[in-house]
Amino acid sequence: MPVFVGFTGICASAILIHGLFTIHGWHSWEFLSLLLVAVLTSRLKIKLPGLNGNMSVSLPFILIAMTQLSLPEALAVAASSIFVQSVPRGPHKFRPVQVLFNVSTGVVAAELGWQAFHRGSALHFNPALPLLLGCAAYFFASTIPVAVIISLTENRKAFLTWSEIVHLSFPYYVASTGLASIAAAIGGQANWPMLVGMSIVMFVTYRSYRVYFGLVGSSARASLTTAQSFKTKSANAAS
């Protein structure tokens, strides 16, 4: 596990250094707006049932940053929001290695998503294709490393872990991609009415996921309790 985390951190560091050399002007208003909204919404996070991981509702704003801002700005939005998302709540202990891995994975995913989107745009195909390419690249680059690290720490099969993550989060990625496409169709600029509207949509999505995952967790606990009760009764009857 330390080798994989270290490799991810080195890749992210190289990407950040490369990003610093590509700075050629900032979209100050759009950048600051997306950065603020992404950081604030990153605290609305949901624990994935059955997995040691969570997701937050800041994803649409990271995708918008990938498609509307320069590479350094997109990396800054992704790294900042994922760092804030990784800060634990309440009595949970802050784990620097875990935060490093989460931020590094987000930086790598944002870089690949940004490159996929802009290289797709250069081909002058259907305008929707570059967005799909960018979001798909971000999706695979952000979920596969998480599945690998969970499989290493919990002795699980990586592909099965990844399929569980996809099953739980794929609708969320589809919805986030849809919001990013709406933002592009509106005019390609992150203005406050649009960002506030999207924040409301993602808050409703967050509440829906909490209810759904709560029901899933309650059902799993009820099934476990029933199974344990059945075993106890069977053991008592046998004795």
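Modeller: We start with a definition. A patch is built from residues with over 30% relative accessible area and no salt bridge; like charges are joined within 9 Å, and nonpolar side chains (Val, Leu, Ile, Met, Phe, Trp, Tyr) within 5 Å. A salt bridge is a side-chain nitrogen of Lys or Arg within 4 Å of a carboxyl oxygen of Asp or Glu. Accessible areas come from the Shrake-Rupley method with a 1.4 Å probe, and for residues only the protein chains shown count as cover.
This is a predicted model: local features need pLDDT of at least 70, side-chain atom pairs count only at pLDDT 80 or more, and totals for chains, interfaces and linings use all residues. Residues are numbered from 1 along each chain as its sequence is written, and side-chain values use heavy atoms, with hydrogens and water left out.

Biologist: In what order do the elements of the protein chain run from the N terminus on?

Modeller: Helices (H or I, at least four residues) and strands (E, at least two) are DSSP runs, numbered from the N terminus. The protein chain has 8 helices and 2 strands. From the N terminus on, the order is α-α-β-β-α-α-α-α-α-α.

Biologist: Which helix gives the most to the nonpolar patch?

Modeller: The patch on the surface is formed by Trp29, Leu36, Leu40, Trp192, Val196, Ile200, Phe203 and Val204, with about 780 Å² of accessible area together. Both α2 (28-41) and α8 supply at least two of its residues. With 5 residues, the top contributor is α8.

Biologist: Is Phe203 buried or exposed, or partly exposed?

Modeller: Phe203 sits in helix α8. Buried means under 20% relative accessible area, exposed means over 50%, and partly exposed is in between (1.4 Å probe, protein chains only). Phe203 has 41% relative accessibility, so it counts as partly exposed.

Biologist: What share of the residues in the protein chain is buried?

Modeller: The protein chain has 239 residues. The buried share is 42%.

Biologist: Why is α3 largely enclosed by the rest of the structure?

Modeller: Look at its residues: among the buried ones are Leu59, Phe61, Ile64 and Gln68. Ile62 also lies in helix α3, and its 2% relative accessibility makes it buried. The helix is largely enclosed because its buried residues number 10 of the 10.

Biologist: How far apart in space are Ile62 and Ala74?

Modeller: In sequence they are 12 residues apart. From C-alpha to C-alpha, the distance is 7.0 Å.

Biologist: Which residues that line the largest pocket are the closest to its centre?

Modeller: On a 1 Å grid over the protein atoms alone, a cavity is a set of points where a 1.4 Å probe fits but cannot get out; a pocket is an open set with protein on both sides within 12 Å along at least five of seven lines, and lining residues have an atom within 4 Å of a point. Grid points are joined across faces, edges and corners, and a volume is the space filled by probe spheres set on the points. The largest pocket has a volume of about 1300 Å³. Of its 43 lining residues, the closest to the centre are Asn52, Gly53, Asn54, Gln98 and Asn102.

Biologist: How many residues of the lining of the largest pocket are charged?

Modeller: Ala, Val, Leu, Ile, Met, Phe, Trp, Tyr, Cys and Pro count as nonpolar, Asp, Glu, Lys and Arg as charged, and the others, Gly among them, as polar. Elements that each supply at least two lining residues include β1 (45-47), β2 (54-56) and α5 (96-122). The lining has 21 nonpolar and 16 polar residues, and its charged residues number 6.

Biologist: Which residues do salt bridges join into one network?

Modeller: The structure holds 2 salt bridges. Arg156 meets Glu154 at 3.8 Å, N to O. Arg156 also meets Glu164 at 3.0 Å, N to O. The bridges share partners, and the network joins Glu154, Arg156 and Glu164.

Biologist: What is the phi of Asn155?

Modeller: Asn155 lies in the loop between α6 and α7. At 74% relative accessibility, Asn155 is exposed. Asn155 is not a glycine, yet its phi is positive, at about 55°.

Biologist: What distance separates the C-alpha atoms of Ile10 and Ser104?

Modeller: Ile10 lies in helix α1 (residues 2-20) and is exposed, at 60% relative accessibility. Ile10 and Ser104 are 94 residues apart along the chain. Their C-alpha atoms are separated by 8.3 Å.
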